[in-house]
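Student: Can you walk me through this one? I'd like to begin with the ligand site.

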Amino acid sequence: MSEPILLTPGPLTTSRATKEAMLIDWGSWDSAFNALTASVCRDLANIANAAESHVCVPLQGSGTFAVEAALGTLVPPGGKVLVPSNGAYCQRITRILGYLGREAVVLDHREDEPIDPGRIEHALIADAGITHVAQVHCETGTGMLNPLHDIAAVVAAQDRRLIIDAMSSFGVIPLDADFVQFEALVSASGKCLEGVPGMGFVIVRRGALAAANGNCHSLAMDLHDQWIYMQKTGQWRYTPPTHVVAALRSALDQYRAEGGQPARLARYSDNCATLVQGMRRMGFRSYLEDAVQAPIIVTFHAPVDPAYEFPEFYRRVRDKGFILYPGKLTTVETFRVGCIGAIDSTQMQRAVDAIVDVLRDMGVAIGEAQSAPDAGM
Ligand SMILES: *Cc1c(COP(=O)(O)O)cnc(C)c1O
């Protein structure tokens, strides 16, 4: 069986070297594995230029586990969180806060509209009880890039604490702790660092983590406890995802060899441009305006042709070796195509070609006229 190329928001296509890094079984007590964990955490903090001011705490599980752990550990029970919201992952933060019993104030935006720092400023001035702002950087539900620098400046000026869900932007979109003040930043192994899924990590300001003792509702999610134990022993609390850590070590080596963040941004931007240009040539329209589109994942309006239906389209494109992703919007029929993972524009062009072939086979009209004039905008 030839492996499909994943054009999804994660898990992603990984390189052979990353997969091969998982062929060794590591003992969780072994000093070699502890050194591996320490080196991975050091590199992760360095990507955000945060090794002095912050520490990197890894956590077993998917990205959402780490988001929940960051909120549960850093927001004290009496805290109140502003959630500027323009998509599904922002809404997930609000849901998590509900489970945690932490008060949330949602600042709703349209899904095709970037978060407005001015509205955050007003909300913070209006409510002195808000202690934290939880912001998704790239809203993967649509592909929107939120203006993090301006948001962080407003939050810092109002003397509140910023928790960033940088899950799908970390390592790609520049983020430097010298220029973006943040209390914590959350991402995971299986996104743009091109590791395999299985561990999240939180890059958290040293003082904030030290002060978070006793906040967390959950033992397994307590980042303070994880950190204290790791400092004492060099080990993870509870069984670590050893193969995932080893794969991430290899993925980080490849990241550095490729040229780090600028190189990854360039490759993904190239993938994104190849995709969007190819789809536009077929008459597809992207959901977001180019100015706010992150080169991470692109939402396209579905064709309005009666011959089109997503499950059949998905199946046929998969049979040609590419895995697409359904849309996450409730009001408009869309699908998403990821630009991330160990692929380049050659593979992306092949994906576009496969989509052309599939639509022809399905009898869906291709060309300027096939997409709706203005559905849902
Ligand atoms: C992928 C992602 C997450 C985490 O999702 P998991 O399925 O738990 O890994 C959280 N936020 C954003 C913005 C994401 O892209």
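This is a predicted model: local features need pLDDT of at least 70, side-chain atom pairs count only at pLDDT 80 or more; totals for chains, interfaces and linings use all residues.

Student: Which pocket does the ligand take up?
Tutor: The ligand's space is the largest pocket. A pocket is an open set of points on a 1 Å grid over the protein atoms alone, where a 1.4 Å probe fits, with protein on both sides within 12 Å along at least five of seven lines. A molecule sits in one if more than half of its atoms lie within 2 Å of its grid points.

Student: Which residues are around the ligand?
Tutor: Among them are Ser62, Tyr89, Val136, Asp165 and Lys191. Being near means a heavy atom within 4 Å.

Student: Which helices supply at least two residues each of that shell?
Tutor: H3 (63-74) and H4 (88-100). Helices are DSSP runs of H or I, at least four residues; strands are E runs of at least two, and both are numbered from the N terminus.

Student: Where are the polar contacts?
Tutor: These are N or O pairs within 3.5 Å. A polar side-chain atom of Thr64 is 2.5 Å from a ligand oxygen. For Gly63, a backbone N or O atom lies 3.0 Å from a ligand oxygen. Arg92 has a polar side-chain atom 3.4 Å from one.

Student: How much of the ligand does the protein bury?
Tutor: 84% of the 380 Å² that the ligand exposes when taken alone. Areas are Shrake-Rupley with a 1.4 Å probe.

Student: New topic. Which peptide bond is cis?
Tutor: Gly10 to Pro11, with omega near -5°. Pro11 is in the loop between strand E1 (5-6) and helix H1 (16-20). Most peptide bonds are trans.

Student: And what is phi at Asp159?
Tutor: Near 60°, a positive value in a non-glycine residue. Asp159 sits in the loop between helix H6 (148-157) and E8.

Notes
Residues are numbered from 1 along each chain as its sequence is written. Side-chain values use heavy atoms; hydrogens and water are left out. A polar contact is a pair of N or O atoms within 3.5 Å; within protein, one must be able to donate a hydrogen and the other to accept it, and residues adjacent in sequence count only if both atoms are side-chain atoms. On a 1 Å grid over the protein atoms alone, a cavity is a set of points where a 1.4 Å probe fits but cannot get out, and a pocket is an open set with protein on both sides within 12 Å along at least five of seven lines; lining residues have an atom within 4 Å of a point.
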